[in-house]
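Here are some exercises to work through with the model open beside you. Try each task before reading its solution.

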Amino acid sequence: MIGNLDHSVLQQLWWLIASVVGSLFLFLTFVQGGQTLIFTTASSEEEKSLIINAMGRKWELTFTTLVLFGGALFAAFPLFYATSFGGAYWVWMLILFTFIIQAVSYEYRKKPDNVLGARTYEIFMCINGSVGILLIGAAVGTFFTGSRFSLNLYNSVTWATPYHGLEAALNPFNLAFGLFLVFLARILGAMYIVNHVEHENLVKRARKASWINLLWALPFLLFILISLVTMEGFAVDPATGLVFMEKGKYLNNLLGMPVVLVLLLGGLGSVIYGVAATGFLGKNSGIWFGGIGTVLVGLAIFSLAGYHNTAFYPSLTDLQSSLTIYNASSSKYTLTVMSYVALAVPVVLAYIAYVWKLMDAKKLTVAEITGEDVKEMY
Amino acid sequence: MGDPILTTVDWARAQFALTAMYHWIFVPLTLGLSFLIAFFESIYVKTGNEEWKKLTKFWTTLFGINFAIGVATGIILEFQFGTNWSNYSWMVGDIFGAPLAIEGIFAFFLEATFFAVMFFGWHRVSKGFHLFSTWMVAIGSNLSAVWILVANGWMQFPTGMAFNPDKARFEMQNFWDVALSPVAVHKFTHTTSSAFLLASLFVVGISALFLLQERHQKMAKRSMVVAAVFGFIASVFVGFTGDEAAFNVAQRQPMKLAAMEGLYVGQEKAPIVAMGIINSKKKPGDDLPAFYQEVKIPGLLSLLANRDPNSFVPGINDLVFGNPERNVVGAEQRMVTGKIALAELARYKYAKDKGDAEEAAAALALFDQHKGDLGYGYLNNPIEAAPPVATTFYSFHIMVVLGTLFPVIFLAVLYFAFKGTLEYQRWLNLLCFFSIFLGYVAQQAGWIVAEVGRQPWAIYGLLPVGVASTNIAASNVQITFFMFLTLFTALLLAEIRIMMKQIKIGPEA
């Protein structure tokens, strides 16, 4: 039974669960990517509406996954929740703002008397898809580059800069990570359009957008990979719990956890195949290769940060304030309760998959968004 | 605590209150309207009458406009626990985080997944599956309320946990004590039934407007009858659960009850103040009268608080300064114990850090003796233990008065509907329309009672708001407060304009 598991096993399990949710969120950012494509890939109002309505059927799922990611971290790693959100205040606030303006934009954009005008809501969507994702990427980047905070004896956080997390976006690694995620989201968005929309011209342009955005993403990806395997990392001595700097830490993690290496390479390969299938082979199923690949890459990234005696939220100000999955987690009792709750996740995934299949069985057409149900359309 | 921290706390409280109040404009309508739409669609599926489908789709459009902004403000609340209340997040995250995660797994995905079917599935899924999806959205929305109210109930009545001095945090000991605490159960039943009431007022009010304008009369009357039945049942339930909730407050948060009634000096056969004007100069412990004017009903507060009209109900003075004759331990005395607990905790942490096991053990033993009043150790003055009385008192009384009016309105609607003269009752239709606004006032007042009445505590009796907040310069929170104020107000105005336009267009466009 779950209750008999060791606390450290539960902590590792919950890092895995949080990683799965976080990785699924990365896949679902195809919605955000699609939102930015309305300015670069759509050539008419009709095409714009097709993209927005295609994404509009899934935006809530992405939003909910982000909320669950936050909730899972709060429940399983409350010290991370308190330290990161309370310390890197401005990064999280700006991310939240971009998600507020996204949530209303779908519903309000086409409604008459919407005060701000359709164009404003489209810009809101674009801000969410670009700035929002960039900042999320920068925040994840700090798992490897560290943040300027310290914790006192009561684990109360003090941030060492007045910018409260915004300084993270100026770090080249974090910035590259953020930009990579922006282009990855656009690749996924383009592949989802190809899979979900029936419109010859738009689909043609979306196919092109998928590989062009891959080209844009590649330099950032290479920079991230080279940095990862060469940078110093934040290691933890398992016997004492002391954090120290280790040369080639993340390369050591990759070599020490071959499964993670396989996940990373397999994931990247899958994304690249998805783009090739969409852009050059005329297939519509690229989103699934891209999606699965993204999830695998996400799992690899989170595993590199959290497992193999690594501090996943390192402090540059006071090394010993760094957070590990062991010192930041909830009690054994809470993790056990939450593990029983998590048994429901496969059921949730099953009904999401069923409804997804049902709703996407027919492609979205111009006739549908201008037809009888036009009032409900975005 | 220095002034800068107080300022940060003030802004953090203002920001959270702002977000919560905006959130609670949209959410109660979502909770109730989702069920009303499910009723309407069920009638459509049962009868096959296309007019019911048209009616369903009209209310669904209004639901969708409201839903999006409810979701947007909700995500902010969850993350504000981390951004603005980081010490709180750490100190109680072991307990508080679980309901939020469960809410995500069980409720949000149900809502999010079937919401797309509800809106875009009319021609993509079968009639039966569409109806099923509509019901799932209603159930998902209300399941979400279960878990967030479990979390809120725990803040009002912390249970099922213990303090871990090594981690300096509270940890969960019994999940079922947290999930099924009587405060949580009554919070859920009272809050959701009041949400059903508000949504019924909304549907009745908008339909009444159609009758006043002599438009869509058939659809309006149908909507009004279904909503009035739902609203009346909800109203009765609100009254019943309100009484239970107040009983729980009396037993577990006596200071809040005393503030709700402006009761400074505890007494037997305590009266309820039916109406009153609070003396704004009154402070705990002084000799000024509590009210400029008041109308009392003798013994009713004792009956409500203890189910005994002759029983003793403690007042604010008793709870602040103590009343040994009645065995009431006041905040003044608890502060002394609490400060010992805090000092011993600090000594324990320091000794442990230095590796002095003997000193640590001695400090821990003393801490254990005094830890029950740990939270009071953070207070500087016992008067801080009392919440703002006037705000709590007026909000409670506004809520109760309006809560008494609403079932009468629903009954009147049903009476004239069955007489077949509803469209001719101009006064009633005007009252129904105006009652939408009154419903929102009652909702907001209810939350003010619950949250302002809980002050100064983030976790009742354990953690004052001043200790719970993030260590951050006040200017940061001040800026984000105004950013939220501007954004939420702009979006609210946009929502109202869009709603008004959709109502003007009506169901037949």
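Buried area is the accessible area, for a 1.4 Å probe, that two parts lose on being put together, summed over both. Keep in mind throughout that this is a predicted model.

**Exercise 1. The interface between the chains**

Task: Work out how much area is buried between chain A and chain B, and which atoms give it.

Solution: 
- Step 1. Begin with the residues: 79 from chain A and 88 from chain B take part in the contact.
- Step 2. Turn to the area. About 7600 Å² is buried between chain A and chain B, and carbon and sulfur atoms give 70% of that.
- Step 3. Now look for charged pairs. There are 2 salt bridges between chain A and chain B. One of them joins B:Arg497 to A:Asp113, with 3.7 Å between the closest N and O atoms.
- Step 4. Find where the chain A side comes from. The elements giving two or more residues include α4 (59-76), α6 (89-109) and α13 (332-342) of chain A. The most come from α4(A), with 14 residues.
- Step 5. Sort that side by class, and you get 50 nonpolar, 16 polar and 13 charged residues.

**Exercise 2. A threonine and its partners**

Task: Find out whether A:Thr334 is buried or exposed, and name the residue whose side chain joins it in a polar contact.

Solution: 
- Step 1. Locate A:Thr334 in helix α13 of chain A.
- Step 2. Check its accessibility. The cut-off for buried is under 20% relative accessible area; A:Thr334 has 0%, so it is buried.
- Step 3. List its contacts beyond four places in sequence: A:Ala75, B:Asp94 and B:Met172.
- Step 4. Pick out the polar one. The side chains of A:Thr334 and B:Asp94 are joined by a polar contact of 2.8 Å.
- Step 5. Follow B:Asp94 onward. Its side chain also meets that of B:Arg169 in a salt bridge, at 3.9 Å from N to O. This pair links distant parts of the chain, with B:Asp94 in helix α3 of chain B and B:Arg169 in strand β2 (residues 169-172), 75 residues apart. Both B:Asp94 and B:Arg169 are buried.

**Exercise 3. The nonpolar cores**

Task: Say how many residues the largest nonpolar core has, and which helix gives the largest share of this core.

Solution: 
- Step 1. The largest nonpolar core has 266 residues, and those with the most contacts inside it include A:Phe144, A:Phe312 and B:Phe96.
- Step 2. Helix α3 (residues 86-120) of chain B gives the largest share of this core, 21 residues.
- Step 3. Zoom in on B:Phe96. Beyond its neighbours within four places in sequence, B:Phe96 touches residues among them A:Phe74, B:Tyr88 and B:Trp154.
- Step 4. Another core, of 23 residues, lies apart from the largest one; B:Ala259 and B:Trp457 are among its members.
- Step 5. B:Ala259 leads on to α8(B), where it is one of the buried residues. In this helix (residues 254-261), 7 of the 8 residues are buried, so α8(B) is largely enclosed by the rest of the structure. Just after α8(B), B:Gly262 takes a positive phi of about 60°.

How values were computed:
Residues are numbered from 1 along each chain as its sequence is written. Chains are lettered from A and ligands numbered from 1 in the order in which they are written. This is a predicted model: local features need pLDDT of at least 70, side-chain atom pairs count only at pLDDT 80 or more; totals for chains, interfaces and linings use all residues. Side-chain values use heavy atoms; hydrogens and water are left out. Contact means heavy atoms within 4.5 Å. A salt bridge is a side-chain nitrogen of Lys or Arg within 4 Å of a carboxyl oxygen of Asp or Glu. Helices (H or I, at least four residues) and strands (E, at least two) are DSSP runs, numbered from the N terminus. Ala, Val, Leu, Ile, Met, Phe, Trp, Tyr, Cys and Pro count as nonpolar, Asp, Glu, Lys and Arg as charged, and the others, Gly among them, as polar. A nonpolar core is a set of buried Ala, Val, Leu, Ile, Met, Phe, Trp, Tyr and Cys residues joined through side-chain atoms within 4.5 Å. Buried means under 20% relative accessible area, exposed over 50%, partly exposed in between (1.4 Å probe, protein chains only). A polar contact is a pair of N or O atoms within 3.5 Å; within protein, one must be able to donate a hydrogen and the other to accept it, and residues adjacent in sequence count only if both atoms are side-chain atoms.
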